Amino acid sequence: MSRYDPRDLRAAEREADELARREALQRDQQLDDMRWLMSQAQGRRIMARVLELAGVERISFTGNSQTFYNEGARSVGVPLLDEIKHCAWDHYITMLEETRK
């Protein structure tokens, strides 16, 4: 077991590089998962429902404290929608067409 040495800059760089590598792998896995989910009709139906419940297409302002609840729901849906648009644009368009029917 090695002891932590704050003066060892190379060790700190290696740790930072390893952390960045793990985060990149995790992010790639998340995007792959979203691509897979959106490639399935069932996944698109589920995601359409999640986005609908999150209210990403609705105005969240109500004039009372319900606004805070609505914004909280949107804060979940908006990043999901951004991720879908980033990695599965074609499937997103398909989802929109399917929900219109």
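**Entry 1: aromatic rings**

I began with the rings and found one aromatic pair, counting rings of Phe, Tyr and Trp (its six-membered ring) whose centres lie within 6.5 Å. Trp 89 and Tyr 92 have ring centres 5.5 Å apart and planes at 45°, so I noted the pair as tilted. For that label, planes under 30 degrees apart count as stacked, over 60 as edge-to-face and the rest as tilted.

Before going on, I wrote down that this is a predicted model, where local features need pLDDT of at least 70, side-chain atom pairs count only at pLDDT 80 or more, and totals for chains, interfaces and linings use all residues. Residues are numbered from 1 along each chain as its sequence is written, and side-chain values use heavy atoms, with hydrogens and water left out.

Where do Trp 89 and Tyr 92 lie? I found both in helix H4 (residues 89–100), three residues apart, which is about one turn of the helix. My helices (H or I, at least four residues) are DSSP runs, numbered from the N terminus, as are strands (E, at least two).

Trp 89 is partly exposed at 45% relative accessibility, while Tyr 92 is buried at 8%. Here buried means under 20% relative accessible area, exposed over 50%, and partly exposed in between (1.4 Å probe, protein chains only).

**Entry 2: salt bridges**

Side chains of opposite charge can pair when their charged atoms come close. How many salt bridges does the structure hold? I got seven, taking a salt bridge as a side-chain nitrogen of Lys or Arg within 4 Å of a carboxyl oxygen of Asp or Glu.

One of them joins Glu 83 and Arg 27, at 2.8 Å from N to O. Glu 83 sits in helix H3 (residues 66–87) and Arg 27 in helix H1 (residues 9–39), so this pair ties together parts that are 56 residues apart in sequence. Glu 83 is buried, with a relative accessible area of 16%, whereas Arg 27 is partly exposed at 35%.

Another links Glu 98 and Arg 44, also with 2.8 Å from N to O. This pair connects distant parts of the chain, 54 residues apart: Glu 98 is in helix H4 and Arg 44 in helix H2 (residues 41–54). I noted Glu 98 as partly exposed at 32% relative accessibility, and Arg 44 as buried at 8%.

Arg 35 and Asp 32 also form a salt bridge, with their closest N and O atoms 2.8 Å apart. These two are three residues apart in helix H1, about one helical turn. Both are partly exposed: Arg 35 has 35% relative accessibility and Asp 32 has a relative accessible area of 41%.

I also jotted down a network of salt bridges that links Glu 18, Arg 21 and Arg 22.

**Entry 3: helix H3**

I checked the length of H3 next. Its 22 residues should span 32 Å at 1.5 Å a residue, and the end C-alpha atoms are 32 Å apart, which agrees. The expected span is 1.5 Å times one less than the number of residues.

Where does H3 bend? I found a bend of about 25° at Ser 75, with a proline, Pro 79, following within four residues. The bend is the angle between axes fitted to the seven residues ending there and the seven starting there.

The buried residues of H3 include Asn 70, Gly 77, Leu 81 and Cys 87. H1, H2 and H4 are among what covers the buried residues of H3. Thr 67, in helix H3, is buried too, at 13%. Leaving out neighbours within four places in sequence, Thr 67 is in contact (heavy atoms within 4.5 Å) with Ser 60, Phe 61 and Thr 62.

**Entry 4: the nonpolar core**

Last, I turned to the largest nonpolar core, which has 14 residues. Such a core is a set of buried Ala, Val, Leu, Ile, Met, Phe, Trp, Tyr and Cys residues joined through side-chain atoms within 4.5 Å. H1, H2, H3 and H4 each supply at least two residues of this core. Which helix gives the largest share? It is H2, with four residues.

Met 47 is among the residues with the most contacts inside the core. Not counting residues up to four places away in sequence, Met 47 touches Met 34, Leu 37, Met 38, Leu 80, Ile 84 and Met 95.

I followed Leu 37, which is in helix H1 and is partly exposed at 21%. Leu 37 and Ala 88 are 51 residues apart in sequence and 9.5 Å apart in space, C-alpha to C-alpha.
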